[in-house]
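Biologist: Please show me the model, and then let us go through how its parts pack together.

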Amino acid sequence: MTWHRPLMVFALSMALLVPVAAAGTVLDDRVLAGAAIWLKPLKFSLSFAVYALTLAWMLSLLTRHRRAGWWAGTVVAVAGAVEMALITIQVVRGRGSHFNIATPLDSRLFALMGLTIVLLWTGTLVVALLLFRTRTLDAATAWAVRLGAVVSLLGLAVGGLMLLPTPEQRAADRRGVAETIGAHSVGVPDGGPAMPFTGWSTTGGDLRIPHFVGMHALQALPLLLVLLLALAPRVARLRDARVRLRLVLVGAGGHTAVLALLTWQALRGQPLTSPDGPTLAAAAALAALGVGATGAALRVAGPEPFPAARPSTVPTAPAPPVRKEPVA
């Protein structure tokens, strides 16, 4: 099966937008929320290009329900394209795209962006479910793409936490003067001191961090498998398919644990660059568990943790016995 064409077109359009947005960050001196106004479409176009390419590849692996997969991928491509168009329109207007309800037009555009994200999440969910029904891949590849899609869905869902209004926004809404609803940062206003390029807050929590890390499990877990296959000719234990499968499962568990840790840290209003004692202790515990799990996965002996994904076969009736004629 060829790669999904609408997703490929979307990825190409995002790749073409990257240099345009990059030029905008240099040539347009406007600033929004403490950052160059074209920085948001630059980051989103990069992220969407990689996301669409990965999803298009995953859809090429389907052997059943290809039509449903085509429609799901098309929904993701169209929803992403509309989302990027709205972000770019707001940049041209000099307005914030996310959380902006200052005017009726801003509010309607933000509501439409919310709908596109719901459609994108739903389309990705359908692709993930279809990947679980694919039976022609080897076990390590099958679980790398399946779990990558599942963890990506969790990361996308973290974005919903950004829509919760802050106490200041609720107070402004009661007075009828609210201009924003929701925020990236926790404990501090958006637009404060931030890390270069990413714009992640250095003074408070930032929900964009777990959102980003979780979303791109879609690429991280298949890339882990690619790395294991590349190392297999040099590392004898990695030639065992059971070991590669176990390491993929360890990687998926570790990625999910990091996503949970980063979400917990952000919700406590703590910047990524200044973890406190409990955060460091949790990170150390996760690292120790990861090392132990990796060591256990490298053991060759033992059954596969999941059965290999193979094409289904239909049993055939046994051949009738051959009748021997008596010798005259």
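Biologist: How many helices and strands does the secondary structure of the protein come to?

Modeller: This is a predicted model, in which local features need pLDDT of at least 70 and side-chain atom pairs count only at pLDDT 80 or more, while totals for chains, interfaces and linings use all residues. Residues are numbered from 1 along each chain as its sequence is written, and side-chain values use heavy atoms, with hydrogens and water left out. Helices (H or I, at least four residues) and strands (E, at least two) are DSSP runs, numbered from the N terminus. Along the sequence the pattern reads α-β-β-α-α-α-α-α-β-β-α-α-α-α, and the total is 10 helices and 4 strands.

Biologist: What does the C-alpha trace of the protein span along its principal axes?

Modeller: The span is given along the principal axes of the C-alpha trace. The values are about 110 × 45 × 40 Å.

Biologist: Are helix 1 and helix 2 roughly parallel or antiparallel to each other?

Modeller: Two packed helices are described by the angle between their axes and the distance between the axes. Axes are lines fitted to C-alpha atoms, for helices over the stretch in contact, and angles run from 0 to 180 degrees between N-to-C directions; under 35 degrees counts as roughly parallel, over 145 as roughly antiparallel, 65 to 115 as roughly perpendicular and the rest as oblique. The axes of helix 1 (residues 5–27) and helix 2 (residues 39–60) come within 8 Å and cross at roughly 160°. The two helices are therefore roughly antiparallel.

Biologist: How many nonpolar, polar and charged residues has the contact of helix 1 with helix 2?

Modeller: Helix 1 passes helix 2 in a left-handed crossing (the near helix is turned anticlockwise from the far one by less than a right angle; clockwise would be right-handed). Contact means heavy atoms within 4.5 Å, and the residues making this contact include Phe10, Met14 and Thr25 of helix 1 and Ser45, Phe48 and Leu59 of helix 2. Ala, Val, Leu, Ile, Met, Phe, Trp, Tyr, Cys and Pro count as nonpolar, Asp, Glu, Lys and Arg as charged, and the others, Gly among them, as polar. The contact has 21 nonpolar, 2 polar and no charged residues.

Biologist: Which residues of helix 2 and helix 4 make their contact?

Modeller: The axes of helix 2 and helix 4 (residues 104–131) come within 11 Å and cross at roughly 30°, which makes the pair roughly parallel. Their crossing is left-handed. The contact is made by Phe48, Tyr51, Leu55, Met58 and Leu59 of helix 2 and Leu120, Thr124, Val127 and Leu131 of helix 4.

Biologist: How do the residues of the contact of helix 5 with helix 7 divide into nonpolar, polar and charged?

Modeller: Helix 5 (residues 139–158) and helix 7 pack at about 160°, with axes 7 Å apart. In this contact, Val151, Ser152, Gly155, Leu156 and Val158 of helix 5 meet Pro210, His211, Gly214 and Met215 of helix 7. By class, the residues are 5 nonpolar, 4 polar and no charged.

Biologist: Which helix gives the most to the lining of the largest cavity?

Modeller: On a 1 Å grid over the protein atoms alone, a cavity is a set of points where a 1.4 Å probe fits but cannot get out, a pocket is an open set with protein on both sides within 12 Å along at least five of seven lines, and lining residues have an atom within 4 Å of a point. The largest cavity is lined by Asp206, Ile209, Pro210, Leu262, Gln265, Ala266, Gln270 and Leu272. The largest share, 3 residues, comes from helix 9.

Biologist: What volume has the second largest pocket?

Modeller: Helix 9 (241–267) and helix 10 (277–297) each supply at least two residues of its lining, which divides into 9 nonpolar, 3 polar and no charged. A volume is the space filled by probe spheres set on the grid points, which are joined across faces, edges and corners. For the second largest pocket this is about 180 Å³.
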